[in-house]
Amino acid sequence: ITATNLKLLAGGIIGASNVGNLTLTANVNAIDTAATTLAAQSVNGIYIQEADAVTIGTVGSLRVTVTATRADFDSSTTDIVAARTADVLSDLTTTSNGPVKLVTVNGSIIATGGGDAIAVNAHGTGNVLLDANGTGNDLTLLANVLSGSGHITLNAADQINIGQTLTSVLVQTAAAGTIFVQADSGSVVMQKDSVLRTANGNIHVQANIDVIVGRIEAVSTNVVPAATDSHVAITTVTGSILDADVAGDSTVDITAQGLRLNSALSIGTIGTGANALETSVATVSARATAGGMNIVETNGVVVDDVIVVTQRVNFNSTTTTITDATQSDLATTGSNGSIVLRTLAGNITLNDGTSSGGGNAVSANGNGNVLIAAEGSGTIIIANADVRSGTGNISLLAALNVNLNAAVDVVTTGTGT
């Protein structure tokens, strides 16, 4: 279908699934389009492959009049005029556990809200896939992307923008639903009030360059959370993990049971104009290099193992399990990166974990400094594994006690104190 404005409305399904296709990114049953603006609604699912750039938005009402001439039995003719009006339609929406899948061959995707704040709404267990393919192409969300309890995958060949300067958006699922976000060549940039949210599900965010964090909330609704539920993994291949808020803010950026951070450069910033990543998590593990890491935890926190499992939604209607493998400790692995972990009102427990750490809970590269500070009334630090720096300074500060358990060492060398 080729059109400037394209409206698709079906009582059943638009396109179809293609589970038998062994190519995960292909779907021969999808509707192939070349449209500028797209809106679609169906009961059981939407599968669209767009040739180039497209905007999810509003397509106005359309009145079509058809005039025909009928040949009558008495050899006369009768003019027949029929008219029908198609109402205004916005967004991509399903109404009975239907998935929503929009993939471009070579073009960016812009998701707007049309007449409301929602761009995509997959009912019930319906999964969501928005995938902007082709060199330099972006995915930009200017309105909410929702699923009742399905998995959500956001992918772009270049950059993913979740909200813009004055526009915050919500990406949300619940129950067993997970969120997978990946910018293949660029950054993931969240507006400071934009939210990625699950209820008991996990969240994976990965960028080739930077991840700019607005609000990431893997909320647990269970009285006793499962060991691997409500976990968050953020990974950068060449860049940093940074706070979208201004320096000195106190707004919590990441809420989760477990948090796994792995940055090619820094996590937050240290020094002049320092801007920490604010968290509210039970367990944390982090890796960084140049620029180090600066994490401020609202409550108490344990440094230990974190593993994160999510589901990537494929165009052929399957899903692929993505595992961010078990990671332990707080460590900078190069470029003299320093480590700062502070709690505002809670204890800090330092464990070695099960992944390679050589008995360390905290390890700063070279002359990187270490600050572990449990702030707030009556707080303590419990060290069950070593705290080390190559030649940097180490400070362990608590309001009440610092407990170094058996065989635990706090070690630096050279000019370090």
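Is D386 buried or exposed, and what is the relative accessible area of D386? In this predicted model, D386 is buried, with a relative accessible area of 8%.

D386 forms a salt bridge with R388, in which the closest N and O atoms are 3.1 Å apart. R388 counts as partly exposed, at 28% relative accessibility, whereas D386 is buried. The side chain of R388 also takes part in a polar contact of 3.0 Å with the side chain of N360.

N360 is placed in strand 37, which spans residues 360-364, and N360 is buried because its relative accessible area of 12% falls under the 20% limit used for that class. When residues up to four places away in sequence are not counted, N360 touches D329, N351, D352, A385, D386 and R388, so that both partners of the salt bridge between D386 and R388 are found among the residues that N360 touches.

## Salt bridges across the sequence

The count of salt bridges comes to eight. One of them joins the side chains of D193 and R215 at 3.5 Å, N to O; because D193 lies in the loop between strand 21 (188-190) and strand 22 (195-199) while R215 lies in strand 25 (residues 215-219), this pair ties together parts that are 22 residues apart in sequence. D193 is partly exposed, with a relative accessible area of 36%, and R215 counts as buried, at 8% relative accessibility.

The side chains of R342 and E375 also meet in a salt bridge, at 3.0 Å, N to O. R342 belongs to strand 35 (residues 339-343) and E375 to the loop between strand 38 (370-374) and strand 39 (380-383), so this pair ties together parts that are 33 residues apart in sequence. R342 is partly exposed, with a relative accessible area of 26%, and E375 counts as partly exposed at 28% relative accessibility.

## T153 and its contacts

T153 lies in strand 17 (residues 152-156) and is buried, with a relative accessible area of 0%. Leaving aside neighbours within four places in sequence, T153 is in contact with V128, L129, L130, F180, Q311, R312 and V313. For V313, the backbone nitrogen lies 2.8 Å from a polar atom of the T153 side chain. T153 and V205, which are 52 residues apart in sequence, are 10 Å apart in space, C-alpha to C-alpha.

## A nonpolar surface patch

V402, L404 and V410 make a nonpolar surface patch of about 220 Å². Of these residues, V402 is found in strand 42 (residues 401-404) and counts as partly exposed, at 36% relative accessibility.

Note on methods:
Residues numbered from 1 in each chain as written. Predicted model: local features only at pLDDT ≥ 70, side-chain atom pairs only at ≥ 80, totals over all residues. Heavy atoms only, no water. Patch = residues over 30% accessible without salt bridge, like charges linked within 9 Å, V, L, I, M, F, W, Y side chains within 5 Å. Areas by Shrake-Rupley, 256 points an atom, 1.4 Å probe, with all protein chains shown as cover. Salt bridge = Lys/Arg side-chain N within 4 Å of Asp/Glu carboxyl O. Helix = DSSP H or I, 4+ residues; strand = E, 2+ residues; numbered from the N terminus. Buried < 20%, exposed > 50% of the residue type's maximum accessible area, 1.4 Å probe, protein only. Polar contact = N/O pair within 3.5 Å; in protein donor to acceptor, adjacent residues only side chain to side chain. Contact = heavy atoms within 4.5 Å.
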